[in-house]
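Q: I have a model open and want to learn to read its features. Can we start with helix packing?

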Amino acid sequence: MRDAKQMLKYILQRLLLMIFTFLVIFIICFILIRLLPFDQATGPGKDPATFYRMQVAMGRMYEVVNADGVKEYLKTPILVQLWNFFKNLFAPPEGVSRWGYSWQIEWMMDPMQLLGRQLPPTVLINIYSMVIATPIGIALGIFMALKKNKWEDNVLSVVIMLLISVPSFVYAFLLQYFFAFKWDLLPDIRATFEGNWFSGEMIASMVLPVLAMSFGTIAGFARYTRAELTEVLTSDFMLLARTKGLSRAQATVRHAFRNSLVPIFPMILGQIISVLSGSVVIEQIFAVNGVGSLFLQSIQRRDYDVFQFVGMFYVLIGLVGSLVVDISYGIVDPRIRMGGKK
């Protein structure tokens, strides 16, 4: 009962800290983005009257009439804009989106709707990558630990170090060159149609970006699993298990592998959370119209509302992932006492 209360207290503390961190990051980003300039090309766009009307409705600008009787629109002070944003977040004016609008990518589209439209390809690519990379990485780590200091372990260690050291976009370019252009085995970019994401053509077009995103994950899980399993295999309780009559395979499966999974399981949870984040570079290389591509477009076109919304989405995913990983340590390993005093 006491442990449960300590765990609950720790979760609440971490949750409050996460909310506070998110608010601090949000306020800093909000102020910096509002300091950015915009002109006729990057601000009002094709319909200045609608743009300025919505800016006034959201409390970002106000209308004045100069000495010549001409209407001018001036920026509201940034702190007032921040207050208006939080006020509109809970009680938006009628006909006004609480998140702002896209003025360049999709005229007057809610950033949340824009993100929801481009989220499915990002989620699918990340799920495919996680499903492929996680078991392969853990299996390689187990194999390397069982073959410690033998030639198989040495060769795989070199390969793993190369996979970790080389950026993923390098693999993307190599895969694209050989499999798409040189050998013409797979399409070089995503299938350019809207429809069934699980069709054969669409899955074939996702093979290369999924592989490019999987190499680094495979290497990370393999290295971590090898390190943890090697340490467990040399523990005293493993020697005791062998003296009780268990074979090496039985002792490894029943005791060593289960104990080594304790620090690896939070990594798997982190991978599950990260399926929403995507990869800006990989999506750009393979023309995947996902969240990463949306984020890059918002920067290039100075679509500030979309840029802020997607940026905060990335921040939230990272904070939630860290929170889930921290909490999972105390759940999967009873020896860890979260929030307890020595």
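Q: How is a pair of packed helices described, and at what angle do H6 and H7 cross?

A: Two packed helices are described by the angle between their axes and the distance between the axes. This is a predicted model. Here the axes of H6 and H7 cross at roughly 145° and come within 9 Å. The crossing of H6 past H7 is right-handed.

Q: Which residues of H6 and H7 make the contact?

A: From H6, they are Ser168, Tyr171, Ala172, Leu175, Gln176, Phe179 and Ala180. From H7, they are Leu208, Leu211, Ala212 and Phe215. By class, nine residues in this contact are nonpolar and two are polar. None is charged.

Q: What should I look for in a nonpolar core, and how many residues has the largest one?

A: In soluble globular proteins, nonpolar side chains tend to be buried together. The largest nonpolar core here has 15 residues. Those with the most contacts inside it are Ile125, Ala172, Met206, Leu208, Ala212, Ile282 and Phe286.

Q: Which elements give two or more residues to this core?

A: They are helices H4 (111-146), H6 (168-182), H7 (200-233) and H10 (280-285). H7 gives the largest share, six residues.

Q: What does Ile125 touch?

A: Leave out residues up to four places away in sequence. Ile125 then touches Met206, Pro209, Val210, Met213 and Val288. Another core, of 13 residues, lies apart from the largest one. Val123, Leu294, Phe313 and Ile317 are among its members.

Q: Now a single residue. Is Thr50 buried or exposed?

A: The cut-off for buried is under 20% relative accessible area. Thr50 has 12%, so Thr50 is buried. Thr50 sits in helix H2, residues 48-57. Setting aside neighbours within four places in sequence, Thr50 contacts Trp107 and Met108.

Q: Let us zoom out. How many helices and strands does the protein chain have?

A: The protein chain has 12 helices and two strands.

Q: What share of the protein chain counts as buried?

A: Of its 342 residues, 39% count as buried. The accessible surface comes to about 18,900 Å². Carbon and sulfur atoms account for 67% of that surface.

Q: And contacts along the sequence: what share join residues at least 24 apart?

A: Take contacts between residues at least 6 apart in sequence. In the protein chain, 66% of these join residues at least 24 apart.

Key: Residues numbered from 1 in each chain as written. Predicted model: local features only at pLDDT ≥ 70, side-chain atom pairs only at ≥ 80, totals over all residues. Heavy atoms only, no water. Core = buried A, V, L, I, M, F, W, Y, C linked by side-chain atoms within 4.5 Å. Buried < 20%, exposed > 50% of the residue type's maximum accessible area, 1.4 Å probe, protein only. Helix = DSSP H or I, 4+ residues; strand = E, 2+ residues; numbered from the N terminus. Contact = heavy atoms within 4.5 Å. Axes fitted to C-alpha atoms, helices over the stretch in contact; angles between N-to-C directions. Left-handed = near helix turned anticlockwise from the far one by under 90°. Nonpolar A, V, L, I, M, F, W, Y, C, P; charged D, E, K, R; others polar. Areas by Shrake-Rupley, 256 points an atom, 1.4 Å probe, with all protein chains shown as cover.
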